[in-house]
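Please read the following report alongside the sequence and the coordinates.

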Amino acid sequence: MARSVSYVSAAKLVSMARGNPRVAIIDVRDDERSYQAHIAGSHHFASGSFAARMPELARVASGKDTLVFHCALSQVRGPTCARMFSDYLSETKEDSGIKNIMVLERGFNGWEVSGQPVCRCTDAPCKGTEAASTPHGGISCSRRPPQRPVFSSPIPSLRPLVPLCRPRRPAKKSVDPCAISPCKGTLERQQH
């Protein structure tokens, strides 16, 4: 019999995971995890190779009683992988001890927008679980890579997609002040 898959809010997940080693967070985003942040302590099992890696996830999840899956929005990949893993556990009849399989409501983007702490480390798997260092008393990671370039978008989910363009220096010869010049795929008015 397949386990049911339920949903959990970001706030509820923080309270469930705080100090509880029996909760595992499974990030099924693909490439976007490498340039966006992630939930500290999460395990990365990309949706593109998820089916082939389910036995590995079963080993990683041994000793856990709750698995929480998420992708960017938890609309397709997160719920699909959660159901696939639930079916896998039922078919293999492994006594994994997993009682709850959940999906994070609104996914990673909702987690970040709601002000929950994120981690930008490059560890695989992420080892960050220092709850005392976050403003929310939640999950965090102490190991961070060097600062990333500054991006112009005020919307966190678009920052990796919108690079900061600087206007080109005006040419020394006379130039029409209203001329528009391309700058890495965007158009900007030259400075007068």
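## A buried charged pair

In this predicted model, Arg29 has a relative accessible area of 0% and is therefore buried, since the cut-off for that class is under 20%. Its partner in a salt bridge is Asp27, with the closest N and O atoms 2.8 Å apart, and Asp27 likewise counts as buried because its relative accessibility is 0%. Side chains of opposite charge can pair when their charged atoms come close.

## Salt bridges elsewhere in the chain

How many salt bridges does the structure hold? The count is 6, and one of them joins the side chains of Glu32 and Arg77 at 2.6 Å, N to O. This pair links distant parts of the chain, given that Glu32 lies in helix α2 and Arg77 in helix α4, 45 residues apart. The two partners fall into separate accessibility classes: Glu32, at 14% relative accessibility, counts as buried, whereas Arg77, at 23%, counts as partly exposed.

A further salt bridge is formed by the side chains of Arg53 and Glu56, which meet at 3.1 Å, N to O. Here Arg53 is partly exposed at 25% relative accessibility, and Glu56 is partly exposed as well, with a relative accessible area of 31%. Through salt bridges that share partners, Asp30, Glu32 and Arg77 are joined into one network.

## The surroundings of Glu32

Helix α2, in which Glu32 is found, covers residues 32–35. Once the neighbours within four places in sequence are left aside, Glu32 is in contact with Ala72 and Arg77. The side chains of Glu32 and Arg77 also make a polar contact, at 2.6 Å.

## Overall fold

The secondary structure of the protein chain consists of 5 helices and 7 strands, and these follow one another along the sequence in the pattern β-α-β-α-β-α-β-α-β-α-β-β. Among the contacts with a separation of 6 or more, 59% are between residues 24 or more positions apart.

The protein chain has 192 residues, of which 41% count as buried. Its accessible surface comes to about 11,200 Å², and 54% of that surface belongs to carbon and sulfur atoms.

In soluble globular proteins, nonpolar side chains tend to be buried together. In this model, the largest nonpolar core has 20 residues, and the members that touch the most other members are Ile26, Phe50, Leu67, Phe69 and Phe85. Two or more residues of this core come from each of β2 (23–27), α3 (54–60), β4 (66–70), α4 (77–92) and β5 (100–104), with α4 giving the most, namely 5 residues.

Which residues does Phe50 touch, not counting those up to four places away in sequence? They are Val28, Phe45, Leu57, Phe69, Cys81, Met84 and Phe85. A second, separate core of 16 residues includes Val8, Ala10, Val14 and Leu104.

## Helix α4

Which residues of α4 are buried? They are Gly78, Pro79, Cys81, Ala82, Phe85, Ser86, Tyr88, Leu89 and Ser90. An α-helix has 3.6 residues a turn, so residues three or four places apart point the same way. The buried residues of α4 pack against β1 (5–8), α3, β4 and β5.

## Asn109 in helix α5

Asn109 has its place in helix α5, which covers residues 107–113. Is this residue, Asn109, buried or exposed? With a relative accessible area of 18%, Asn109 is buried, because the class takes in values under 20%. Asn109 and Ser74 are 35 residues apart in sequence, while their C-alpha atoms are 9.0 Å apart in space.

Conventions
Residues are numbered from 1 along each chain as its sequence is written. This is a predicted model: local features need pLDDT of at least 70, side-chain atom pairs count only at pLDDT 80 or more; totals for chains, interfaces and linings use all residues. Side-chain values use heavy atoms; hydrogens and water are left out. Helices (H or I, at least four residues) and strands (E, at least two) are DSSP runs, numbered from the N terminus. A polar contact is a pair of N or O atoms within 3.5 Å; within protein, one must be able to donate a hydrogen and the other to accept it, and residues adjacent in sequence count only if both atoms are side-chain atoms. Contact means heavy atoms within 4.5 Å. Buried means under 20% relative accessible area, exposed over 50%, partly exposed in between (1.4 Å probe, protein chains only). Accessible areas come from the Shrake-Rupley method with a 1.4 Å probe; for residues, only the protein chains shown count as cover. A nonpolar core is a set of buried Ala, Val, Leu, Ile, Met, Phe, Trp, Tyr and Cys residues joined through side-chain atoms within 4.5 Å. A salt bridge is a side-chain nitrogen of Lys or Arg within 4 Å of a carboxyl oxygen of Asp or Glu.
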